Amino acid sequence: MTFALGAGAIRIDVTVSRGQVCAVELTGSRPQGLSRMFAGRRPEDAPVLAGQLFSLCGFSQSIAARLAVLRAAGLAMDTDERRTVTAGLLAERAFETLRALVLHWPSPRVVNLAATAGVHLREALAASQKIIADARAVSRSLGDLSLPAARLERAASALGIPRQGDAPTTGTLCAAIHDETRHERIFRRRRPDSLTSRDDEEVLNHLVHETGYAALPYLAGRVAETGAYARICTSAVPDEPYLAARLLARIEDVRLCLDLLQGIAEGEDLDLAPLMGDGSAPDAGGYGVVECARGRLYHQAEIGDDGLIGAYRILAPTEWNFHPAGPFVETLLSCRIGEGESGRKAVSQLAALFDPCVAFEINMCEAAHA
């Protein structure tokens with residue numbers, strides 16, 4: 001979720017001793033206090049503002065905002081609208097995952113595929129934008145969803161998302177990335193401590209009552225993770241090296257989005273609860289939550305006696321995954337990544353598969369020895 005008003009970045013400082021990581025420090029330059037821009041505005045303006053502030057996952061941001069302000073007003077999104085906006089959420093989630101893989105994978109081995117991949121990515125963008133535009137329509141009518149959904153399916157398939165099974169299609173960009181990650185043996189496989197709807201009450205309680213929680217969220221005694229790997233690898237970790245397992249989870253997540261889109265187009269009765277939720281926040285106000293490409297996104301709103309937004313809070317997925325004591329740092333610490341460019345490459349690929357919502361910069365240094 002890159003901010004439209006200056007995206008900022010994450011600086012990753014890695015200290016290595018004889019090729020083994022002994023310290024990791026994360027420093028963010030992302031804009032703070034954007035949620036204050038919602039205060040004093042009409043509740044109905046919040047979804048529009050959210051979509052304008054965030055240039056990545058803008059539709060997810062706007063829907064989380066709408067869910068939050070509706071609940072804060074004692075209302076709720078109706079079933080028809082939920083079904084309509086779900087199509088937009090799925091299209092955006094699939095495209096954002098594909099976009100990150102095409103544009104941000106740090107390896108010269110996939111450069112030769114970049115030009116062709118770019119063509120397919122533009123097709124995916126056009127298809128997802130059409131679905132999102134229809135989902136935003138006041139009429140709440142998706143029109144013929146099957147056409148843009150099929151277009152998105154074709155573009156995803158050309159990039160390597162398989163129609164069946166979990167192996168990327170041979171000769172595609174995803175296959176090239178998989179071939180690179182499946183030979184990696186640096187990082188220990190770890191089961192994610194997944195952030196789920198069962199955590200919403202505790203998260204919202206902290207978010208409402210603790211200043212600064214949105215920047216440094218926590219759940220006591222846990223290293224919570226969110227995103228495709230956390231959503232899909234909760235019961236079992238694939239028999240693959242860690243980076244490959246993370247990649248395959250993202251591929252499977254796109255496949256899930258495409259299948260659900262097809263189900264909506266065909267009028268199937270789908271359970272939408274895993275994709276978004278809402279409710280009353282502790283003490284006052286309401287919240288909305290959306291499972292977007294990078295994970296669980298929270299918006300929380302309170303409406304004052306004057307009918308305007310009195311308080312507003314946003315908690316983005318990146319704050320969990322790139323927390324100073326979060327899963328990215330935990331994975332990296334004590335790993336033997338090597339030195340020089342090989343070490344930098346390993347860190348870059350790990351960061352890319354955790355997929356922060358902003359650019360990242362990696363700085364490597366050797367520990368001083370007495």
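## Charge

The mean positions of the 38 positive and 46 negative charges of the chain lie 4 Å apart. Lys and Arg count as positive and Asp and Glu as negative, with His and the chain ends not counted; the charge is placed at NZ of Lys, CZ of Arg, CG of Asp or CD of Glu.

## Basis of the values

This is a predicted model, in which local features need pLDDT of at least 70 and side-chain atom pairs count only at pLDDT 80 or more, while totals for chains, interfaces and linings use all residues. Residues are numbered from 1 along each chain as its sequence is written, and side-chain values use heavy atoms, with hydrogens and water left out.

## Overall fold

The chain has 12 helices and 9 strands (DSSP runs numbered from the N terminus: helices are H or I of at least four residues, strands E of at least two). With 370 residues, a compact globule would have a radius of gyration near 21 Å, and the 20 Å of the chain agrees with this (taken over C-alpha atoms; the rule is 2.2 Å times the number of residues to the power 0.38). The C-alpha trace spans about 65 × 50 × 35 Å along its principal axes.

Of the 370 residues, 56% are buried (buried is under 20% relative accessible area, exposed over 50%, partly exposed in between, with a 1.4 Å probe and protein chains only). Among contacts between residues at least 6 apart in sequence, 70% join residues at least 24 apart; a contact means heavy atoms within 4.5 Å.

## Salt bridges

Side chains of opposite charge can pair when their charged atoms come close. The structure holds 29 salt bridges, each a side-chain nitrogen of Lys or Arg within 4 Å of a carboxyl oxygen of Asp or Glu.

One of them joins Arg-66 and Glu-81 at 2.6 Å, N to O. Arg-66 lies in helix H2 (residues 58-72) and Glu-81 in helix H3 (residues 79-104), so this pair ties together parts 15 residues apart in sequence. Arg-66 is partly exposed at 26% relative accessibility, whereas Glu-81 is buried at 9%.

## Further pairs and a network

Lys-130 and Asp-134 form a salt bridge at 3.3 Å, N to O. These two residues are 4 apart in helix H4 (residues 111-136), which means that about one helical turn separates them. Lys-130 is partly exposed at 42%, and Asp-134 is buried at 15%.

Glu-302 and Arg-313 meet at 3.0 Å, N to O. Glu-302 is in strand E7 (residues 295-303) and Arg-313 in strand E8 (residues 309-315), so the pair connects parts 11 residues apart in sequence. A network of salt bridges links Arg-93, Asp-200, Arg-231, Asp-253, Glu-291 and Arg-296.
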